[in-house]
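Try each task before you read its solution.

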Amino acid sequence: MTNKLLFLSIVLIVATSCQISPKPISYGSDGCHFCSMTIVDKQHAAQYVTQKGKAYSFDATECMMNQLKEVNKEEIVLFLVNDFSVPGELVDATEATYLISRNIPSPMGAYLSAFKNEDEAKMVLTESQGELLSWTELSNRFTKKQ
């Protein structure tokens, strides 16, 4: 009976330790995986999570996009970005709408912000000028940069 209980406990620990989900970003103390800057901006941070459940956090979406050039994207199961309109809320990066606007600085100078809601992005676009992009368009733009 004790061996069965021990075995079940080990299985439960292993099963829950590799959970694939976003990990909270500790703003003000976590460092960016790409540039090592401290992550402080709740409107521009990003994160991806691998198949093994390992989360990598970034101080800006542009840092995550640059890091993606150096990793096997097949191993990543979650791409996340902070919603500019709801600071600190990580949303699905592949579903987000992106705004590049010289009137909204981002931590690494790409002027790149992400929005969960496309209508919200369009509203900010009218106020701030710039260009809207989808995840695919953004990925293509960063892939072409050398």
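Of the 146 residues of the protein chain, 34% count as buried. Keep in mind that this is a predicted model.

**Exercise 1.** Find how many helices and strands the protein chain has, and the order in which they run.

*Solution.* 
- Step 1: count the elements. The protein chain has four helices and seven strands.
- Step 2: walk along from the N terminus. The order reads α-β-β-α-β-β-β-β-α-β-α.
- Step 3: Residues 24 or more positions apart make up 56% of them.

## Charged pairs

## A polar residue, up close

**Exercise 2.** Is Ser 113 buried or exposed, and which side chain does it join in a polar contact?

*Solution.* 
- Step 1: locate Ser 113. You'll find it in strand S6 (residues 112-115).
- Step 2: use the cut-off. Buried means under 20% relative accessible area. Ser 113 has 1% relative accessibility, so it counts as buried.
- Step 3: look for its polar partner. The side chains of Ser 113 and His 44 are joined by a polar contact of 3.0 Å.
- Step 4: look at what else is around. Leaving out residues up to four places away in sequence, Ser 113 touches His 44, Phe 84, Thr 97, Tyr 98, Leu 99 and Ile 104.

## The nonpolar inside

**Exercise 3.** Which residues of the largest nonpolar core touch the most other members, and which elements each supply at least two residues?

*Solution.* 
- Step 1: The core has 24 residues, and Met 64, Leu 68, Val 81, Tyr 98 and Trp 135 touch the most other members.
- Step 2: name the suppliers. Strand S1 (46-50), helix H2 (61-67), strand S3 (76-83), S6 and H4 each give at least two residues to this core.
- Step 3: look for another core. Apart from the largest one lies a core of six residues, among them Leu 99, Ile 104, Phe 115 and Ala 121.

## Rings

**Exercise 4.** How are the rings of Phe 84 and Phe 115 arranged, and how are those of Tyr 98 and Trp 135?

*Solution.* 
- Step 1: know what to look for. A ring pair is described by the distance of the centres and the angle of the planes.
- Step 2: get the total. The whole structure holds five aromatic pairs.
- Step 3: judge Phe 84 and Phe 115. Their centres are 5.4 Å apart and their planes at 50°, so this pair is tilted.
- Step 4: Phe 84 is in the loop between S3 and strand S4 (86-92), while Phe 115 is in strand S6, 31 residues apart. Phe 84 is buried at 16%, and Phe 115 is buried at 0%.
- Step 5: judge Tyr 98 and Trp 135. With centres 6.3 Å apart and planes at 45°, this pair is tilted.
- Step 6: Tyr 98 belongs to strand S5 (residues 97-100) and Trp 135 to helix H4, 37 residues apart. Tyr 98 is buried at 0%, and Trp 135 is buried at 12%.

**Exercise 5.** Which residues form a cluster through ring pairs, and over which ring does the charged end of Lys 54 sit?

*Solution.* 
- Step 1: follow the ring pairs. They link Tyr 48, Tyr 56 and Phe 58 into a cluster.
- Step 2: find the charge. The charged end of Lys 54 sits over the ring of Tyr 56, 5.1 Å from its centre.

Note on methods: Residues are numbered from 1 along each chain as its sequence is written. This is a predicted model: local features need pLDDT of at least 70, side-chain atom pairs count only at pLDDT 80 or more; totals for chains, interfaces and linings use all residues. Side-chain values use heavy atoms; hydrogens and water are left out. Buried means under 20% relative accessible area, exposed over 50%, partly exposed in between (1.4 Å probe, protein chains only). A polar contact is a pair of N or O atoms within 3.5 Å; within protein, one must be able to donate a hydrogen and the other to accept it, and residues adjacent in sequence count only if both atoms are side-chain atoms. Contact means heavy atoms within 4.5 Å. A nonpolar core is a set of buried Ala, Val, Leu, Ile, Met, Phe, Trp, Tyr and Cys residues joined through side-chain atoms within 4.5 Å. Rings of Phe, Tyr and Trp (its six-membered ring) pair if their centres lie within 6.5 Å; planes under 30 degrees apart count as stacked, over 60 as edge-to-face and the rest as tilted. A charge sits over a ring if NZ of Lys or CZ of Arg is within 6 Å of the ring centre and within 35 degrees of the ring normal.
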